[in-house]
Amino acid sequence: MSDIVEKTLTALPGLFLQNQAGGGPAAAKAPFSSRLGGLVRSITALTSKHEEEKLIQQELSSLKATVSAPTTTLKMMKECMVRLMYCEMLGYDASFGYIHAIKLAQQGNLLEKRVGYLAVSLFLHESHELLLLLVNTVVKDLQSTNLIEVCMALTIVSQIFPREMIPAVLPLIEDKLQHSKEIIRRKAVLALYKFHLIAPNQVQHIHVKFRKALCDRDVGVMAASLHIYFRMIKENSSGYKDLTGSFVTILKQVVGGKLPVDFNYHSVPAPWLQIQLLRILGLLGKDDQRTSELMYDVLDESLRRAELNHNVTYAILFECVHTVYSIYPKSELLEKAAKCIGKFVLSPKINLKYLGLKALTYVIQQDPTLALQHQMTIIECLDHPDPIIKRETLELLYRITNTQNVTVIVQKMLDYLHQSKEEYIIVNLVGKIAELAEKYAPDNAWFIQTMNAVFSVGGDVIHPDIPNNFLRLLAEGFDDEAEDQQLRLYAVQSYLTLLDVENVFYPQRFLQVMSWVLGEYSYLLDKEMTEEVITKLYRLLMSDSISSETKAWLIAAVTKLTPQAHSSNIVEKLIQEFTVSLDTCMRQHAFELKHLHENMELMKSLLPVDKSCEDMMVDASLSFLDGFVAEGLSQGAAPYKPHHQRQEEKLSQEKGLNFEPYGLSFSSSGFTGRQSPAGISLGSDVSGNSADTGLKETSSLKLEGIKKLWGKEGYLPKKENKTGDETEAPVPQETTIMENVDQAVTKKDQSQVLTQTKEEKEKQLLASSLFVGLGSESSVNLITEQPECCLSITEAENTKIFQYSVQMEKPFMQGNLCGFVNYQTVDTLSAQLEFSVNLSLLDFIRPLKISTEDFGKLWLTFANDVKQNVKMSDSQAALPSTLETLEQKLRLHVVDIIGNEGLLACQLLPSTPCLVHCRVYADILALWFRSSCSTLPDYLLYQCQKVIEGS
Amino acid sequence: MQFMLLFSRQGKLRLQKWYVPLSDKEKKKITRELVQTVLARKPKMCSFLEWRDLKIVYKRYASLYFCCAIEDQDNELITLEIIHRYVELLDKYFGSVCELDIIFNFEKAYFILDEFLLGGEVQETSKKNVLKAIEQADLLQEKTENMYHSKSFIGCKRAY
């Protein structure tokens, strides 16, 4: 079937091209959708934004009606989608149509599907919840025999796919790596590339297949695999050194023109491939002489070959230069690369000049002489009308700054900064200036002035490290104490001058720096000046343009200066003013100041002059409080619990859901690897009278998916009353049925996994139940045991009672016990009566009546531990009622309720206990299960969640 | 590549493809800012822009600006060639393409883009192969739609 489709498909383009030739370009142009055309035209006719808005809103509401109308055909839907996409592009919200896009991708024929998928890729983002609804469609299309459908599915997967659903499609995509069509293989590789980007650990196990893709006979597939390799090598180059030879060989072939002409671009062989390979080589050869040596030849050839004067050759050359400078250096190559850079820098074409500067910036630290060679060009570029060129030049200069040229370069940077409005550039450049100023400042005055410029221009978007570093530098000083004092004095004087200027507003950060420096170093001024400084600070404090954070800095500065001042009029005024402030923080500061002010001696010892860098002696163990603590303990206070200990418990209960194992479970064993129930063992215990019984029971487990509703409250133990006229010898039940069941279950699991995960809430439930004990038991069969038992034959008109006990060996969610009875009726016809009983875990759960004390003891002995937070609805927010529900529905025994905590206990028959500790805070119920059985807590948790969230 | 935008000289967005997950709000903000910045640039200026921590590569073809965002270490020149190849593809497909082709058949323009770039990386560089893939999927459409609308829209393009 697929062969036929493929053949037709390959024949199609030929037909189409003929069509094209006959019909001319109009054939492609004519059939645009009439409705879209109408919409576009009416929008073009409008004159104002307001009118457009009105029109689009009208359009959207009519579309809304159309898409939700049941009579809308898929063909109409496709047309609607196009218009919706158009509206979204214009910036209007068309989210009502998202679900229909998914439907269209699901239900439409090829053409409609294509539009549906496109709409999905444009409308939704990776974590959009609706995207989960697409997974089924993708899976279906991946399995399609129609190549185009497979292509579409792979295309959408490579663009947008929910990360947690990767396992659902991964095996299918892996299969596609062996597909006979290169386009499919290529798209499959790109889909895996996408997976590698969003969830690298999910595709780790198929690295071998990447290697196969790298060796693919089709160049396109190989090129696609390079995207993956580039990423992987970027993360860990040492792991792929052995591939260097292969990459070099491929590049040699490409450069040597060995590829099919199809891959040429403007007669340059596969430029994209070349560039990707060069980038990979650059990563592999970095700091590695031996690996680098392998590539010298091919790099040399690349540099030599790329002579054609076309843009794309420059692209390759640029990459080549980059690689030559990235790997272990070889002087001959460096020389050639340097020449290439020269070509770029000197080119009259502005794009090439820019890249020349970029290349210079990259290599300049290795080879500063290159800058000298091109100094004139660089100077020219500094005054280039294009700000981008200027900016790149500044970047270059930044790298070659030293003590001699720092003033000029910083000046150029500041000039640029004054013209720039973009925040990102300002933050970036200001950081660089500050760095250079700290490193290379020629003198104090220059340093302080430059930093003043940095703070004024950088304003409040500046990186907080800059003021912090500056203050630390000022405080710690350099080696020369006299010099340091001068710097500080200069700073103080310069700030006082700045504050004298009327009507200038400084950024808050700058004012904070000023207030710290003034508070700390005003003592360097004449003694009489202190009051003046305080006055200035006070004036700032009273200004409206000051943020409350800055005010705190200001008042701290005033506090520091108060003990040094002769008169304290202003300080008193300030205290008066702020002790009644509405800002509590300010009021606090003011009161502190007030009380300290009353005790000058204490204040002086508390705020010593110029001691900001002295280490303070702090008694970290708070030993002076020992007596106090001892007294408290003796009076029965609880011992102190460290903060982290208190926090730990809280945190551990707030732990969120981890979806990771979900993925792993699939990737390791496909769909069927779902963690699933174990077995039931039937212990036969015939307690009837003697006599023959005609009852035969074949029990088999039928394992249902988890979605099924548990209706049964209780379970009737195996009591079979059978009266048969005549009985037949039991026929052994065949195993084929079991196999069927097995398969059916497997299939069901597949579809259920896919449908279930569509809803967030269900996903949680699913996760908690599906991934029970993962890791400890990696492979679990769906059906572990098929015990058969056969009862004796009962004679006619006799009554026999058989009693069987069913035990659960390992916990499971739901099982099925079935069998049949053969009997003969009066007319000696043989008949069969089948029966089956659904069993769920709850059928085997019984309350465990123990005391709180025993609970505590048991709790400590159990190692298997599961925690989960469950959100409760308002109605059951009270703990006792919640526990009562659990007691009723799950037959858990409520051991104790202590405040907002509750203890529950139950046992899985015959004797596997499970303990539950729960705690309520707000509307969250934190459940904590412990049991001697590793899987039981997970199953019970699932049940509890269902009860709590379901009611 | 992080994203690709096509917009007109008037600043109207004609096509947008995002290869990185961003909220609608961010997308709108980026689009608005970029369109403004690019339109403000003079014709003789460099085709590259530094914008936030991204590199913008743009080129104007007739009335349309093609604008790509790449990361700093990506190759700007080859990105220009990506734009160029895309224009070539559009040109070949529509037969001397103009802005109106892209407005009225924007979904086609997307299909071509998806066949050329996938997940932000160049997927297929051969012009022939890209168009082959598009035409395969197109063919049915041409057949069905031609039956109904074959002639009626010829000339509309000129009118607008």
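The answer below begins with the pockets, turns to the cavities, and ends with the sheet and some local detail.

Modeller: This is a predicted model, in which local features need pLDDT of at least 70 and side-chain atom pairs count only at pLDDT 80 or more, while totals for chains, interfaces and linings use all residues. Residues are numbered from 1 along each chain as its sequence is written, chains are lettered from A and ligands numbered from 1 in the order in which they are written, and side-chain values use heavy atoms, with hydrogens and water left out.

The largest pocket has a volume of about 960 Å³ (a pocket is an open set of points on a 1 Å grid over the protein atoms alone, with protein on both sides within 12 Å along at least five of seven lines; lining residues have an atom within 4 Å of a point; a volume is the space filled by probe spheres set on points joined across faces, edges and corners). Its lining has 40 residues, and those closest to the centre are A:Glu88, A:Met89, B:Leu13, B:Gln16 and B:Lys28. On the side of chain A, two or more lining residues come from each of helix H4 (49-68), helix H5 (74-89), helix H7 (110-123) and helix H9 (147-159), and on the side of chain B from S2 and helix H1 (24-39) (helices are DSSP runs of H or I with at least four residues, strands runs of E with at least two, numbered from the N terminus). With six residues, H1(B) gives the most to this lining, which by class holds 17 nonpolar, 10 polar and 13 charged residues (Ala, Val, Leu, Ile, Met, Phe, Trp, Tyr, Cys and Pro count as nonpolar, Asp, Glu, Lys and Arg as charged, and the others, Gly among them, as polar).

The second largest pocket holds about 730 Å³ of space. It is lined by 31 residues, and nearest its centre lie A:His322, A:Lys358, A:Tyr362, B:Asp72 and B:Gln73. The elements that give two or more residues here are helix H13 (219-235), helix H15 (271-285), helix H17 (311-326), helix H19 (350-363), helix H22 (387-399) and helix H24 (423-440) of chain A, together with S4 of chain B. H17(A) gives the most, five residues, and the lining divides into eight nonpolar, seven polar and 16 charged residues.

The largest cavity has a volume of about 540 Å³, and of its 35 lining residues A:His227, A:Trp272, A:Gln276, B:Glu121 and B:Val122 lie nearest the centre. Two or more lining residues come from each of helix H11 (182-198), H13 and H15 of chain A, and from each of helix H2 (76-94) and strand S7 (121-122) of chain B. The largest share, nine residues, comes from H13(A), and the classes are 18 nonpolar, nine polar and eight charged.

As for the sheet, five strands of chain B form an open, antiparallel sheet in the order S2-S1-S5-S4-S3 (strands pair if DSSP finds at least two bridges between them). Strand S2 (13-18) and strand S3 (48-51) of chain B are at the edges with a single partner strand each, so one side of each lacks a neighbour in the sheet. Between S4 (residues 54-61) and S5 (residues 64-70) of chain B, which run antiparallel, there are seven bridges, and B:Lys59 stands opposite B:Phe66 in S5(B).

Among the local details, A:Glu126 sits in the loop between H7 and helix H8 (135-142) of chain A. Leaving aside residues up to four places away in sequence, A:Glu126 touches several residues, including A:Phe161, A:Lys194 and B:Pro21 (contact means heavy atoms within 4.5 Å). A:Glu126 and A:Phe161 are 35 residues apart in sequence, yet 6.0 Å apart in space, C-alpha to C-alpha.

Methods
On a 1 Å grid over the protein atoms alone, a cavity is a set of points where a 1.4 Å probe fits but cannot get out, and a pocket is an open set with protein on both sides within 12 Å along at least five of seven lines; lining residues have an atom within 4 Å of a point.
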